[in-house]
Number of protein chains: 2
Amino acid sequence: MVRYRLILFVLGVLLLVESFFMSVSIIVSAVYSENDLGPLALSTGITIMSGFLLFILNNRIEKKVEKREAYLIVTLGWVVLSFFGALPFYISGYIPSYSDAFFETMSGFTTTGASILNDIESLPHGLLFWRSTTQWIGGMGIIVLSIAIFPLIKIGGIQLFSAEVPGISTDKLHPRIKETAKKLWMLYVGFTLAETILLYLGGMTLFDAINHSFTTMATGGYSTRQASIAAWDSPFIHYVITVFMIIAGTNFSLSYFAITGQFKKVFKNSELKFYLLIILSSGLIIAAGLWLYMGLPPEKAFRDSIFQVVSIITTTGYATTNYLAWTPSGLWVIILLLMFVGGSSGSTGGGLKVVRIHILLRNSYTEFKRLIHPHAVLPVRYNKSALPQQLINNVLAFAILYIMVIAAGSVILSFTGLDFESSFGAVATSLGNIGPGIGSVGPASNFAHLTVSAKWLLSFFMLLGRLELFTVLIIFTKAFWRK
Amino acid sequence: MVRYRLILFVLGVLLLVESFFMSVSIIVSAVYSENDLGPLALSTGITIMSGFLLFILNNRIEKKVEKREAYLIVTLGWVVLSFFGALPFYISGYIPSYSDAFFETMSGFTTTGASILNDIESLPHGLLFWRSTTQWIGGMGIIVLSIAIFPLIKIGGIQLFSAEVPGISTDKLHPRIKETAKKLWMLYVGFTLAETILLYLGGMTLFDAINHSFTTMATGGYSTRQASIAAWDSPFIHYVITVFMIIAGTNFSLSYFAITGQFKKVFKNSELKFYLLIILSSGLIIAAGLWLYMGLPPEKAFRDSIFQVVSIITTTGYATTNYLAWTPSGLWVIILLLMFVGGSSGSTGGGLKVVRIHILLRNSYTEFKRLIHPHAVLPVRYNKSALPQQLINNVLAFAILYIMVIAAGSVILSFTGLDFESSFGAVATSLGNIGPGIGSVGPASNFAHLTVSAKWLLSFFMLLGRLELFTVLIIFTKAFWRK
């Protein structure tokens, strides 16, 4: 039994939270006194009105959210937020097609960072700020935020939390989900502030520094410049952003432990070690390649390599160079593989997640041992304890489903007239919430040239990826609607 | 404890079996009295001598083959067979590079069918026949054959059998593995004869008919013509080959049951139904596409579609048209996906195998149900019984490993200078034992233009695929050599 009025009620709450953030962009617009003030104000008004109506008309029912309702709320929530979030771009006329505006907004909220804009600098400051804001609130999750600040839906919050943050090893920072959500958001705000200061000191304007901190910490990748981070020819800025991307792709619980001095918990974490190992090894291999094959000076080779590696594995999607131009192509095919790895569990990064890749590798190795010792009990160990078979099965099934969705998506997208390499790249980058792909949707290009149906399809894949497949796909199963 | 002399002894046996088949090609050459007679005779002589020496020098030890020894024998066996099998091509000078000759032979034995020949018609009949023969004996498995005819290694034969035929659901046709092997080979010979007669009646020369029956039943795909089956503009021949490819990609046990009147066992088989469903649905979708988008007449659209679909899913690799020229590209991306499906378990087809894909899909669906009913016991069912968790885990791990090998292989191959699409296609088609890939190794092209290192690498992937990963890869694990 799904209670639709309860769902509408929570959607109303989410819209009110969204309208609050939208109104901050009104202030930005007012400061610069540009022509996006009216459209932003109108959009905010529509959003408040809609949220308020949903809130008030459905307010007289019990608030305990059930499992199925949580899946529906979270999935619909993200669609509705994108629907209203697209209004400023559309009403202002800066993105004349509503399909494009929706794509850009969904790409923002899901922290994908794929853009249809051909001239980002032409947008007024208020709209640019709203664009970055969608990523910032999407990164930590607007529902997590709502749980933190709205006591109204705190009952059953765990269901919503785990539907929006389906990662397999979210450490509870506090027995109460509301306190955990609060701590996560405080940390998030803190890192964003720290990066803003450093980028400002590095030579960015305050506006650019805030925007890029927003989209770094969200592993989103939207920039205020068409050239992305390449627009700043400053090693300091490149390295600062690299470090904060690494932090954003790390489990926020570990950052919390590090800041509160619980280093033991940090150092014994297998996922963190593996995450850093992948970054370092691919970074060094590609750096060596850029140095030896392409003749780049060592520091530049290392910086270009590590920036692109971190940008892709954390699923941020910034670029300081066009990796598709690297030769031999093996250098960028490594980048392509990193798209499937993604950030750590409990981070704002997308993809399959480091922990899953790590478990997949360990499980494969265990299968070899099983062949030699068919009757021995050989558990897969992680963080020094044996993983339950049920969890391993879930990880394997997730990975297989992930690949099947990419395969099916590539076929469907090919029918919109896109070539295979671009289709594959577009689906992989959308599902991984990364941003740039390969082929005609590479880092030196964007998604403007796709057909309308391709854009809607990719918007769907972004949502699928952000909510880790199951939350969205389960709604389309017979089992979900039975009984 | 691995007994190397036992391994050498079995390798000797395998070489003797190989030399027997090689000598048949001598007769073919003699009939046509062409210049490959000497080289074929010399190669056969070298092979007999080597086999006989290994056989005689290591003959005084016990014959029970242990698990680890079986893995080594099978892996080394296939390498050694290819090493000697390449001699006729190399000594005759028709393939002047030994790397190329080895590639061609490994591609034959593994029934891949990828070729480096730019002018197949220029080869004399004896060499062409040997080329087809490598596929025919590779299809059913030379070790399976040896078990059937050589009582010498019948003890421990089950270990060898399951290392060479690692499929997950090989029905035992007889309690004794030797009898099962015999029945399978008889069936194989029977189908080959039947197809030869039909192709001959359809207008092929007897020589062409035999060669193509060899390579159809093996799902190998080597043709006597550069244009492959497109050289025969006969719907009858196309349909006959389509039907026999379908049979070759079906579990041979099911064919045995059908021929012996046990239809119940055939009809209740889930894998068969799913296999036919995939063929029919992709065949019809592509046929509709070729008709609507490319304007082909309905019969031709259906024939082109079903032939290519069946050729790829069974991993045969014949072509009657260049699927890469189909537009929109979604039409051939479906073909690309079928490369990963492969034939049925217990067939001569490669790939992931239909049963694995089917189990993967069912397991994913069960994961959804588990999300809704986290405490219910929800087994995955197949052929009307619940699958053990251990088997599901093995299937999942196999699929993941398969994809990881393709990913790693694509990166490594890219470093030989090949573009990404071709690298991906070459690795996928080699690992799946298919033949044609995508990009520059598509059905209208071949593998001649690759670098020497790329050819050796792909030969390795062919072997990996033919022996289903574990048999080969396990030798490279620490666990294998411990104790």
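The model is a predicted one, and in it chain B can be laid on chain A with an RMSD of 0.0 Å by a turn of 180° and a shift of 0.0 Å along the axis. The two copies are thus related as by a two-fold rotation axis.

**Contact between the chains**

- At the interface, 56 residues of chain B are in contact with 56 residues of chain A.
- Of the interface residues of chain B, 100% are also interface residues in chain A, so the copies meet through the same surface.

**Buried area and polar links**

- About 4,900 Å² is the area buried between chain B and chain A, and carbon and sulfur atoms give 74% of that area.
- Between chain B and chain A the count of salt bridges is zero, while 12 residue pairs, with both residues at pLDDT 80 or more, are found in polar contact across the interface.

**What chain B brings to the interface**

- At least two residues of the side of chain B that touches chain A are supplied by each of several helices of chain B, namely helix 3 (67–85), helix 16 (330–341), helix 17 (354–372), helix 18 (389–414), helix 19 (420–431), helix 21 (470–473) and helix 22 (478–481).
- Among the elements of chain B, helix 18 gives the most to the side that touches chain A, with 16 residues.
- Sorted by class, the side of chain B that touches chain A has 35 nonpolar residues, together with 12 polar and nine charged ones.

Notes: Residues numbered from 1 in each chain as written. Chains lettered and ligands numbered in written order. Predicted model: local features only at pLDDT ≥ 70, side-chain atom pairs only at ≥ 80, totals over all residues. Heavy atoms only, no water. Least-squares fit on C-alpha atoms with pLDDT ≥ 70 in both. Contact = heavy atoms within 4.5 Å. Buried area = accessible area lost by both parts, 1.4 Å probe. Salt bridge = Lys/Arg side-chain N within 4 Å of Asp/Glu carboxyl O. Polar contact = N/O pair within 3.5 Å; in protein donor to acceptor, adjacent residues only side chain to side chain. Helix = DSSP H or I, 4+ residues; strand = E, 2+ residues; numbered from the N terminus. Nonpolar A, V, L, I, M, F, W, Y, C, P; charged D, E, K, R; others polar.
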